[in-house]
Amino acid sequence: MASEFVFHGGLVFTGSGAPLEGHAVIVRDGRIASVVPESELDLESFPESSRVDLDGALLSPGFQDAHIHPVGGGIELLQCNLTDAEDAAQAAALIRAYAEANPEEEWILGGGWSMDHFDGGNPPRGLLDEATGGRPVLLQSRDHHSTWASTAAIERAGITAETPDPEDGRIVRESDGFPAGTFHEGAGDLFAGVRPATSGDLAYQGLLRAQDELIALGITGWQDAMVGADSGGIADPLAAYERAAAEGRLLVHVVGAQWWTRDGGIDQVARMTERRERAAAAHPDRRIDLGTTKIMVDGVAENQTAAMLTPYRDGAGHDTCNHGLSFIEPAKLREYVAALDASGQQVHMHALGDRAVREALDALQAARDANGETDGRHHLAHLQIVAADDTARFAPLDAVANIQALWATHEDQLDDLTLPFLQDGQVDRQYPFGDLVREGARLAAGSDWPVSTADPLAAIHVAVNRAYPGSERPPLGGAHQRLDLETALAAYTSGSAYVNRRDDDTGSIRAGYLANLVVIEPNPFRLATPDLHRARVTSTWIEGRLVHDAAAIAATPAASDTHRKESR
C-alpha cells in the first residue's frame, strides 16, 4: 500500500455542512495531509496505483456508532440466531434447525426474536419445548429487554408459580401462575445461576466476527454500551477487546461504557475512575478508552417498562396504574451523575420514556449545579418519547441526544405493541429529532445492534424520511421531525466522534486527522430522498489502509450478503 495517495472525482462530506464539490483528499502515512481543489491538483504527480477515482461516489469520514453491543451481537451470529425470522413460524423453524444441527449442545442459547411476532409480545415456552425436544433454551429478544425460556430452563432455575416478580422485571404467567415462557427486564436475571457462561474464546471470536460485519458497513469506531459487567450469560467483553488489541487485531477504536450496577452504590465511581486510568496508561493510542459510564434509567415501551409521565393504557384503552419502571430512584440518580461528572467520567444514560428523559436531564442539572460546567459530553440514548418542554433543556445542559434513527418509523412493533397502550397524542412525541435540532441539541447516532441492523445508511434513510423504504405509512411524528441528509450524516460521523472524545482526530475530513474514511455509492446527495436506502458502503479505510472492499468481495466466488436490513 502506498504511503501517499489521493481520492478524487467525487463529492467530499467533511463531517458537517454541505459536501465539497471539485475537491480532492490527499492521504499520507495514515492521516489526511490536505483537502484541496482539484483544479490545483496535479494528478500526474501521483503514481496510478496511488489514485482512488471516486467516479462520482461520496467520500465521508468513517461512521462511528455511539451505542452498540458488538461482542454480544457477534456471539449471536455464532449461536441460535433468529434475526432473519419474519414471523413466529420462521423463528420456530430456525430454532428447530439449530437444535438438529447441534445435538451435542446441552443448552441452546442465542437471540434475535422480535416481540411483534408473538401475541402480546410474549412467546410461549411450549414452542421451544417442541422445537428442541425438551432441552433447556434461553433466547434473548432482539432488544435484549426480554428472555424467552423453555420449560427445562425454567425448572433448572427453580422458578415456580410462587416465584415473585423482581422489582425491576416481570414474569409473564399462565392462568395458574406458572411462568409462560417470557421474562421481561430484570426477570431474565433469574436464570443467572444456571445459564452456562460464555467462554472467553467465544467472546473473542464474537468480537472479531462483529468487527468484520461493522467495518463492512463503514463503521471505524464505536462506543460499546456495556463493559465491566456480565449480561444475559455474556461475560464482560473487555477481555476480548484487550486480547484483540494485544494481538494487533483490534482495527477500530473503542470507547467502553462501564456498566453501572443499578443495585450498587456510589462506591462504583472510584472503581470506574481507576479502571479508566489503567486503560489510558495501557492504551496511549486510545484504541480502548473506558472514560464512560452506562446507566439504565428505564426499560422499553413495548413491554411497558419505559418510565412514563402518564400511565399506560390496557387493551381496552383504559388507564392502568402502570407508569413503567425507573431502575434507579431519581434522588440517587442525581447523586450518582453528579459524582461521575466530578470524577471526569462521561455518563451515557438509557432514557426511553418521557419520565426517564426528565429524570436524566434533572440529574445533569444537578451535576451542573454541583460542579459547574465541565467537558462531560454526557448523552441520553434512545429518546423514544420526550415531553415538549424537555427538548429545550438539552442544549443548555450540553446534553447530547444519542439517537437510534432506524426506529423512528411506523412499523409493527411500534404500531401494535406500543402506540395502542400510550395516551392520545403521544404518537407525535415519538423520537422528536427535528424538535431537538431546532432547540439546538447536539446529535450523535448509534444502532444498539444487535437490537437492529448496525447499517448507518439504513438508519440515515429513516432519519431523513421518517419511514422505512417502501412504507405507505405517514412519517412518524410528522414531517417536521425529519432530519436533512447533512445533519443525519454529521450525527454518525462528527457527532459520534464528539461523544467518543475523538473529535480531535476522527469524525471529520481535515488536515491532520486519521484517514478513517468510507466511500458510498450511489452518492446519497445525488439520490432522491425516498431512494437513500440504495446507497451502500463500497470501501472502508482505517488509518489510510483499505480494510473493506465490496468489489473485491463480490468478485470472490464464495461471497454472500451477510448484512441484515431489519427494523426494530
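Me: Phe 5, Phe 7 and Trp 541 form one aromatic cluster. What kind of model is this?

Reply: It is a predicted model: local features need pLDDT of at least 70, side-chain atom pairs count only at pLDDT 80 or more, and totals for chains, interfaces and linings use all residues. Residues are numbered from 1 along each chain as its sequence is written, and side-chain values use heavy atoms, without hydrogens and water.

Me: How many aromatic pairs are there in the whole structure?

Reply: A search finds 11. One of them joins Phe 5 and Phe 7.

Me: Why is the pair of Phe 5 and Phe 7 called edge-to-face?

Reply: Rings of Phe, Tyr and Trp (its six-membered ring) pair if their centres lie within 6.5 Å; planes under 30 degrees apart are stacked, over 60 edge-to-face, the rest tilted. Here the centres are 5.6 Å apart and the planes make 65°.

Me: What makes Phe 183 and Phe 191 edge-to-face?

Reply: Their centres are 4.9 Å apart and their planes stand at 85°, so the pair is edge-to-face. Both residues are buried (under 20% relative accessible area; exposed is over 50%, partly exposed in between; 1.4 Å probe, protein chains only).

Me: How do you know that the charged end of Arg 262 sits over the ring of Phe 327?

Reply: The rule asks for NZ of Lys or CZ of Arg within 6 Å of the ring centre and within 35 degrees of the ring normal. Arg 262 is 3.9 Å from the centre of the Phe 327 ring, and it is listed as sitting over that ring. Arg 377 lies over the face of Tyr 498, at 4.2 Å.
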